[in-house]
Amino acid sequence: MIRHAIAFLVSLLLACATGHAQNLRVERAYLHDPSASFTQADLATLPFAAFSGTLNLGITTGTTWIRLTIERERGGDEGVWEPQTVRVGPSPLLRVQVAQAPVGTALPASAFAPMVRCPDHLLCADLRGPVAQPVQVYLKVEGRGIRLISVDVLQADALMRRVMAQAAGIYASLTIAFGLVFVSLFLLLMDRSALTLAYLAFQVSALVVMVGISGMLWPSWIDEELLTSNLFFLWPIRTAMTVLLFYFLIRPYQRSQLLRVAVWVLLGGCAFNLLLMGLGQFRLALISNVVIFILNPVIHVLAVAMASSMRASLRSVMVLGGLIFLGLIAYFSAVGGSGVQHFGDWRLNGMYISLFTFVCVMMERNHLAAIKNRQLEQLRLEGANSRQLDAQLRDRQSLIDMLTHELKNPLATIRFALSSLRAGAGSDAHMHKRLNSIGSSAARMDKVLEHVALVNQIEMSQVPTTPTVSHAAEVVGQVLAQMELSRAIDIDIQADSYFSGDAQMIRTILENLLRNADAYGLPEQATLLRVGSDAAFTELEVSNAVAADAMPDETRIFERYYRHSSSLRLPGMGIGLSLVKTCVEKLGGTINFLQRNHSVVFLVRLPN
């Protein structure tokens, strides 16, 4: 690159020393030979077609011959010669040979020589001698990929302006590309996700392609012929990275099997294009790559439109971005005049897709941040409410502890007084009956206090929860031995069934379910008790028949102090089933209330 720049400056100084302009007329004509069968001896007899501006042959193979007829315009200064340079672009990947001869003379056998690099890495060749009479310059153009040819005959000052403009555009593109690579590295460090990794891979592939097609920053030890002949292998890779970037951008909102199949088909097409290039079918591979490049945004626009979980604003941005991308492709292909070459241009690819990705990601991050802030605010409110409820619960539990403790002393005094009164009552039957009634009331009050204290201890997690394994039949037998029940019990306990958990809580569950069935069931119907176990759970079922007008409210059955209106005359406080539910939850199990054939059924499942 340095030696090209020095050569250019020397030629510029020499041109400035001559100091005069010279007007030339240049006629351009071309002949495309797809099979590369023509030789330079055939050029004089072959029909060339005139063209102006940029010759766009699309994706093709073979040899393109270009003939330039250069002559001095009338009125030109015939005594002065300004050095002229033939400049061929816009891509440095073309391989061009040049030959010059006066019009009407045959080209020597060894007339063609390779063109050299301009300072901006396009191709240049200096015309020999003054144009005293019309001359013809023949260009033999070969290369893979897009056959896009622009030919200019320029004096030194015009060449300098073109080179500076070209170099400025290329360096601006490369600066942006390098900047986007560093941004993608930063994003990957901040958020290690599939999207940021795909974004980094896309930016690196776009940068490598731009470095290759611009000719800038090529290391001197790399053979240019080897590089230009293999650079096109990067196009399918860059297209595959674009497919992955679009896919990971919408994957959180669209996980349909159809989208995954479509993406795999596109990636398979990119791999197939690499295989075609390896087999030498560059034209077919590049056409297929362009088709994949166009299908990619079409598929993803349809996928975004069908993503039901995506917010409407983000869906609108993604659909609009995909449509703009397709519009840019259509413009550069049909209207822009430069064809699909601009598919690798930073204006369409690296810059546009980067901005599109940034907008989508930032919109989603702002949305998630707003949701997170609302959730944090909700958690703060719930935390404050929870602390207030905890304080109230502790106050209530402390009050219950104090009341149960303080009421025990009067009850003990009453029981002591009853024993003294019974000793002094002698044989007075009426007195003994009244004393027995007082004793029953005191015993019931004592039982209620014990029940309330037990509920309070369980809610405060003061009951030891040492896990033990007990045979179900043994536990049921112990509970029944300590209870006085008024009705029969039908027991069905599966062999080898067992309870796993705190023994006191399990006994509390059994006792309260059986006492509830005994108190509220129909007198003539037995209580049903069933226990069964498997590897995961032990299932306990207690059921009893009730009157049609005594069926409890299933929405309030486990509510503390709830009692059906038909049972208000019976003793109790309505805390037994609430205590059962608390114990079951402490043991990690579940309890369900069912209505079955005019019976109430409580189904408990405890983990083993």
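Which residue does a disulfide join to Cys118? The points below answer this and describe the surrounding strands.

1. Basis of the note. This is a predicted model, in which local features need pLDDT of at least 70 and side-chain atom pairs count only at pLDDT 80 or more, while totals for chains, interfaces and linings use all residues. Residues are numbered from 1 along each chain as its sequence is written, and side-chain values use heavy atoms, with hydrogens and water left out.

2. The disulfide. Cys118 is joined to Cys124 by a disulfide, with an S to S distance of 1.6 Å. A disulfide here is a pair of cysteine sulfur atoms within 2.5 Å, and by this rule the count comes to one. The torsion about the S-S bond of Cys118 and Cys124 is about 100°, so the disulfide is right-handed.

3. Burial of cysteines. Residues are called buried under 20% relative accessible area, exposed over 50%, and partly exposed in between (1.4 Å probe, protein chains only). Cys118 is buried at 1%, and Cys124 is buried at 8%. Cys270, at 3%, is buried, and Cys583 is buried at 0%.

4. The open sheet. Strands (E, at least two residues) and helices (H or I, at least four) are DSSP runs numbered from the N terminus; two strands pair if DSSP finds at least two bridges between them. Five strands form an open sheet with antiparallel pairing, in the order β3-β11-β5-β9-β8. Its edge strands, each pairing on one side only, are β3 (54-59) and β8 (116-117).

5. The helix on the sheet. Helix α2 (residues 156-190) packs on this sheet and touches β5 (84-89), β9 (123-126) and β11, where contact means heavy atoms within 4.5 Å. The direction of α2 makes about 140° with that of β11. For such angles, axes are lines fitted to C-alpha atoms, for helices over the stretch in contact, and the angles run from 0 to 180 degrees between N-to-C directions.

6. Pairings within the sheet. β3 and β11 (residues 146-155) are antiparallel over four bridges, and Leu55 has Ile149 as its bridge partner in β11. β5 and β9 also pair over four bridges, with Val88 opposite Leu123 in β9. β8 and β9 pair over two bridges, and Arg117 stands opposite Leu123. The hairpin of β8 and β9 has five residues between the strands, and His121 in its turn has a positive phi of about 75°.

7. A further hairpin. β17 (residues 590-596) and β18 (residues 599-607) pair in the antiparallel sense over seven bridges. Arg596 has Ser599 as its bridge partner in β18. Two residues lie between these strands, and Asn597 takes a positive phi near 50°.
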